[in-house]
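This report describes selected features of the structure shown below.

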2 protein chains.
Amino acid sequence: MGAPEYIKIVEAIKNKITSQELEPGDAIQSENLLCEEFNVSRMTVRKGLAVLVNEGYIYSIPGKGNYVCEPDLDQYILHYNEMAPGNERGDEVRLIEVNVVKPSYEVSFNLEIPETKHVIVVKRIFLKDGFPTAYDIKYIPYYRGIPIVEKEIRYATFPEMVAKKNSIFAMTKKLKIRAAIAEDETARNLEIPVGMPLLVVEEKLLDEKDKPIGWGMMYLAGEDAGLEAVASFD
Amino acid sequence: MGAPEYIKIVEAIKNKITSQELEPGDAIQSENLLCEEFNVSRMTVRKGLAVLVNEGYIYSIPGKGNYVCEPDLDQYILHYNEMAPGNERGDEVRLIEVNVVKPSYEVSFNLEIPETKHVIVVKRIFLKDGFPTAYDIKYIPYYRGIPIVEKEIRYATFPEMVAKKNSIFAMTKKLKIRAAIAEDETARNLEIPVGMPLLVVEEKLLDEKDKPIGWGMMYLAGEDAGLEAVASFD
DNA sequence: TAGTGGTCTAGACCACGCA
DNA sequence: GCGTGGTCTAGACCACTAT
């Protein structure tokens with residue numbers, strides 16, 4: 001075979017796990033035994049085991065051995081593209097408001113700033129075939145000299161709006177997803193009747209010290225608007 | 001410092017990235033240069049770089065070099081615990097139906113089986129403080145000899161219901177999340193008025209050949225019922 | 001004390017990208 | 001042809017677990 005030795009080791013152990021020959025909690029044979037079995041050096045065995053650790057199949061206990069993981073049933077990968085909300089790639093973004101305002105209690109609470117400080121509010125509507133599919137409101141703490149360029153903001157993701165000061169690599173993004181009913185403001189902007197179901201995605205951006213640097217909501221309309229998430233082992 | 005050499009290399013490069021000294025697309029110095037800079041062997045440098053690759057900071061192009069990634073803005077980790085829907089750890093699970101039935105068109109379509117084959121349907125209600133918080137319907141293809149033990153099913157997660165035949169490690173789980181309005185069946189089971197907002201989590205289980213082995217819905221009631229997702233680099 | 005995993009070395013050969 | 005990353009070896013020392 002052309003495959004590297006460590007990949008063969010990965011496949012062999014993976015097979016034992018998916019075929020239930022090895023079950024969660026079971027020990028893998030020791031690294032030295034694997035060296036003999038596959039006729040490779042210990043570094044090669046360890047490289048293979050490292051792959052299995054990264055993929056969540058096994059874990060190591062120093063001085064004891066390697067063991068098959070209890071699979072994590074709760075963890076999924078969610079794909080959420082802010083600029084294509086509800087997986088509907090829209091064809092138009094309408095910037096309906098960019099302003100510097102005093103925050104409401106809710107905004108100051110979520111951004112953890114006093115109500116006397118100002119914030120930038122950005123309101124946008126995403127459209128497809130002329131119909132609104134999503135209504136977006138974001139708040140960013142205001143500081144002197146922050147660039148407010150409407151053309152940039154219109155097509156910017158939330159992290160990009162604040163990325164001038166903070167590296168995206170040093171940011172944490174948190175989402176809360178829930179259901180709601182369209183009320184006056186959301187219904188008007190989404191051009192739907194009051195009482196229709198909405199998917200609400202609340203988004204909070206935190207810097208490396210867990211201080212909020214952005215907070216906002218995305219309201220998704222339409223029965224077909226949804227988010228998708230996947231959990232699997234590869 | 002007591003930290004291993006390869007961790008020091010990881011931290012040093014991570015700092016350059018989060019401080020924006022290195023930006024997405026930039027090249028890291030070559031592995032041989034890193035060996036000199038940190039006075040370590042090449043294997044140690046490569047171990048550090050492997051960590052950065054796994055964490056999504058850098059990627060390698062054989063024959064060229066290592067480069068800083070464009071951060072993936074769309075990918076989040078979603079925590080969804082089936083047995084604690086909406087992050088509300090309930091105190092009671094009411095099994096309201098376990099049956100072998102012929103599937104509706106929708107069910108046979110999603111399980112990719114003919115409408116003449118039978119399926120097991122499981123309906124449960126999750127309660128907290130005596131009030132329903134979630135209503136759950138799951139469908140599993142029926143085959144002769146499948147154990148239907150009500151006590152087991154009541155507290156089983158969806159993967160556990162089908163895990164007798166298939167290893168959880170060989171399964172893929174897909175979720176679709178959307179908003180809906182409570183209608184007669186859901187409203188009655190959740191004891192809420194028709195017209196209230198619901199968060200709907202559609203779940204499909206696939207085996208290693210991508211054949212469906214389970215399909216169903218979870219309806220979450222209440223304004224505070226929600227899902228949470230996080231994206232960050234560590 | 002013997003066995004385990006964790007770190008590290010100083011070499012080696014290969015396939016690939018580039019000038 | 002030279003530098004790059006990808007794979008691999010045959011050792012070594014350490015901290016830890018078990019008995």
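Predicted model: local features only at pLDDT ≥ 70, side-chain atom pairs only at ≥ 80, totals over all residues.

Strands are DSSP runs of E with at least two residues, and helices are runs of H or I with at least four, numbered from the N terminus. Two strands pair if DSSP finds at least two bridges between them.

| Partner of S6(B) | Sense | Bridges | Bridge pair |
|---|---|---|---|
| S9(B), residues 212-220 | antiparallel | 6 bridges | Asp136(B) with Met218(B) |

A hairpin is formed by S5(B) and S6(B), with 2 residues between them. In its turn, Asp129(B) has a positive phi of about 55°.

In chain A, Glu31(A) lies in helix H2 (residues 31-38). Glu31(A) counts as buried because its relative accessibility is 13%. Its side chain makes a polar contact of 2.8 Å with that of Arg42(A) (a pair of N or O atoms within 3.5 Å; within protein, one must be able to donate a hydrogen and the other to accept it, and residues adjacent in sequence count only if both atoms are side-chain atoms).

Chain B can be laid on chain A by a turn of 180° and a shift of 0.0 Å along the axis, with an RMSD of 0.1 Å (least squares on C-alpha atoms of residues with pLDDT of at least 70 in both). This is the relation of a two-fold axis.

Residues are numbered from 1 along each chain as its sequence is written, and chains are lettered from A and ligands numbered from 1 in the order in which they are written. Local features need pLDDT of at least 70, side-chain atom pairs count only at pLDDT 80 or more, and totals for chains, interfaces and linings use all residues, while side-chain values use heavy atoms, leaving out hydrogens and water.

Terms used:
Buried < 20%, exposed > 50% of the residue type's maximum accessible area, 1.4 Å probe, protein only.
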